[in-house]
Amino acid sequence: MVDMLIMVTINGEAKRFSIAPGDLLLDVLRREAYFGVKRGCETGECGACTVLVNGKPINSCLMFGAQAEGTEILTIEGVAPDGKLDPIQTAFLDHGAVQCGFCTPGMILSARALLAGRPDPTEAEVREALAGNFCRCTGYLKPVEAVLAAAQANREAGLSGARTKSGRSRGQARKRQ
Ligand code: FES
Ligand code: FES
């Protein structure tokens, strides 16, 4: 298979990758050592491979790397680039919302996209936003509580709405794939 070049911005850094036309974005990112992008079901069901593409939560196992040309991608590695945790990460820790952590990157990125457009979400909106992220450990109460707490922390810090480009919920984003 003939390789092709793609240019993407990942976590704020311009990157250029040589990929095969059939490579999944999930494969490209993990090959480039973005190991926070988890390989789960590979069928678009579990959300473990979630990244934000132009601010929208996307299952990277359902997107070709070639489709990422020219986009801005955020992985969990880019959420706290200076070592200072995002309020969502802090809230997950404070609320005991992390056990094995396999689902956590995807959940945090989904939550981040939600809070960018919905700084004061209802519990139902948080649940909808996390609906595409399966957790085999905690159930969902604690992650939902954590996202609501992070929303409050963001509002108090004046951070809401400044973090990603999209406020679309997970359900909305998934329907477009
Ligand atoms: S690995 Fe992509 S949705 Fe499960
Ligand atoms: S914390 Fe283990 S799958 Fe969610």
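**Entry 1. Salt bridges**

I began with arginine 118, which is partly exposed, with a relative accessible area of 36%. Throughout these notes, buried stands for under 20% relative accessible area, exposed for over 50%, and partly exposed for values in between (1.4 Å probe, protein chains only). The model is a predicted one, in which local features need pLDDT of at least 70 and side-chain atom pairs count only at pLDDT 80 or more, while totals for chains, interfaces and linings use all residues. Side-chain values use heavy atoms, without hydrogens and water, residues are numbered from 1 along each chain as its sequence is written, and chains are lettered from A and ligands numbered from 1 in the order in which they are written.

I looked up the partner of arginine 118 and found a salt bridge to glutamate 125, at 2.9 Å from N to O. I used the term for a side-chain nitrogen of Lys or Arg within 4 Å of a carboxyl oxygen of Asp or Glu. Glutamate 125 is partly exposed as well, at 23% relative accessibility.

By this rule I count eight salt bridges. Another of them joins glutamate 123 to arginine 127, with the closest N and O atoms 3.0 Å apart. Both residues lie in helix H4 (residues 123-129), four residues apart, about one turn of the helix. Helices here are DSSP runs (H or I, at least four residues), as strands are (E, at least two), numbered from the N terminus. Glutamate 123 has a relative accessible area of 40% and arginine 127 one of 38%.

I then turned to arginine 39, which forms a salt bridge with glutamate 42 at 2.9 Å between the closest N and O atoms. Arginine 39 is partly exposed at 34%, and glutamate 42 is partly exposed at 41%. Asp27 joins Arg39 and Glu42 in a network of salt bridges.

**Entry 2. Nonpolar cores**

Which residues have the most contacts inside the largest nonpolar core? I noted Ile88, Phe92, Leu115, Leu130 and Val147, in a core of 25 residues. A nonpolar core is a set of buried Ala, Val, Leu, Ile, Met, Phe, Trp, Tyr and Cys residues joined through side-chain atoms within 4.5 Å. Helix H2 (87-94), helix H3 (104-117), H4 and helix H5 (141-157) each give two or more residues to this core. H3 gives the most, with seven residues. Domain 1 (4-79) and domain 2 (87-170) each supply at least three residues; the bounds come from an automatic or database domain assignment.

Leaving aside neighbours within four places in sequence, I found valine 147 in contact (heavy atoms within 4.5 Å) with Phe92, Ala111, Leu114, Leu115, Val126 and Leu130. A second, separate core has 19 residues, including Leu25, Val28, Cys61 and Ile73.

**Entry 3. Helix H2**

I listed the buried residues of H2 as Pro87, Ile88, Gln89, Ala91 and Phe92. H3 and H5 are among what covers them. At the start of H2, a side-chain oxygen of aspartate 86 comes within 2.7 Å of the backbone nitrogen of isoleucine 88. Just after H2, glycine 96 has a positive phi of about 60°.

**Entry 4. Cysteines**

How many disulfides does a search of the whole structure find? I recorded zero, a disulfide being a pair of cysteine sulfur atoms within 2.5 Å.

Technical notes: A polar contact is a pair of N or O atoms within 3.5 Å; within protein, one must be able to donate a hydrogen and the other to accept it, and residues adjacent in sequence count only if both atoms are side-chain atoms.
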